[in-house]
Amino acid sequence: MSDMRLHILGCGSAVPTPRHNPSCQVLERRGELMMIDCGEGAQSMMRRMRLRYNRLRHIFISHLHGDHCFGLPGLLSTMALHEAGGTVTVHILREGADLFARMMEQFCGPVSYRLEWDILDPAERRVIVDRDDFTVESFPLYHRVACCGFLFREKAKPRHLLGDMANFYGVPHYRRQEIRMGADFVMPDGTVIPNDRLTREADPALSYAYCSDTMAAKRVAKVVEGVDTLYHEATYGDDNAALARKRGHSTARQAGEIAAMAGARRLVIGHYSKRYNDEEQLRREAASVFAGQVIAANEGMTIDLGNGDIAGA
Ligand SMILES: [Zn+2]
């Protein structure tokens, strides 16, 4: 199991149906949970998928259409009832922050955790979370209203130290971190032990991009270039390409084309129109133009972002 896993809580568009909830995902990284969009059904799906409220630290809302944010007041309120602690940061457009902050005042009063609102800029690419080993960027998508995509990226990881070899050459403990970062070791007599004799390759730094809702845009492919796993909305199939264009959405084929243009390793599609009873058609259309792995998201599914293994759906 790798460090990053993606849980699908909702992958329908517009309205809840018996088959799908509106958009909601949880990205899990080393035990921390980050929610991406929060459509209705978010909290019940968290319970069903055994994702714990007190591990949720960030919520990213791409835009202010109800199918991406109507789950938010309910979720924040339930977290208060569970007496969740720590800080929860909601990354959202200005109007959304104003509205939902007022709702929280009206319905919840003071909550058990620290609730912060981080205002997104829908016009420009920005780093919105910056840690030693991980960043999150927001970037513009192209929909009928202001809309942000999110790019989650691990920074390069340290190499694995070969303990036996380090002991054999007498590498002192205080030098071991720089050896992990790639330095050679110089012995007291001046002999240089090259780094590759003391370490083996680092685990790959993983990345994930979330693109919903948007029309297919080369500019988006450019921003997410080289990403491991791309989630791209695929609201419609080839049969409704004109409708996709009219409503500021994409077809599954276009999602595949963006993944190919970006050089992604894997594509996850979702945000399905309710007119489709079987997403296999959409998956095939995306796969016809993209050679990498194509996964049709489904509620309850967990995807290992390292090896692409799928569980639970
Ligand atoms: Zn939507």
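P18 counts as exposed because its relative accessibility is 89%, where exposed means over 50% relative accessible area, buried under 20% and partly exposed in between, with a 1.4 Å probe and protein chains only. P18 lies in the loop between β1 (4–10) and β2 (24–29), and although P18 and K274 are 256 residues apart in sequence, their C-alpha atoms are 9.6 Å apart in space.

The structure is a predicted model, in which local features need pLDDT of at least 70 and side-chain atom pairs count only at pLDDT 80 or more, while totals for chains, interfaces and linings use all residues. Residues are numbered from 1 along each chain as its sequence is written, and side-chain values use heavy atoms, leaving out hydrogens and water.

H232 has its place in strand β15 (residues 229–233), and, leaving aside residues up to four places away in sequence, H232 touches C211, T214, S250, A255, I258, L267, V268, I269 and G270; a contact means heavy atoms within 4.5 Å.

The chain as a whole has 11 helices and 19 strands, which are DSSP runs numbered from the N terminus, helices being H or I with at least four residues and strands E with at least two. Of its 313 residues, 52% count as buried. Among the contacts in the chain with a separation of 6 or more, 63% are made by residues 24 or more positions apart. The C-alpha atoms fill a box of roughly 70 × 50 × 35 Å along the principal axes.

| Domain | Residues |
|---|---|
| domain 1 | residues 4–157 + 203–311 |
| domain 2 | residues 160–199 |

The largest pocket has a volume of about 230 Å³, and of the 16 residues that line it, S13, A14, Y236, R247 and H249 are the closest to its centre. A pocket here is an open set of points on a 1 Å grid over the protein atoms alone, where a 1.4 Å probe fits, with protein on both sides within 12 Å along at least five of seven lines, and lining residues have an atom within 4 Å of a point. The volume is the space filled by probe spheres set on the points, which are joined across faces, edges and corners. By class, the lining has 3 nonpolar, 7 polar and 6 charged residues, where Ala, Val, Leu, Ile, Met, Phe, Trp, Tyr, Cys and Pro count as nonpolar, Asp, Glu, Lys and Arg as charged, and the others, Gly among them, as polar.

Methods. Domain bounds come from an automatic or database domain assignment.
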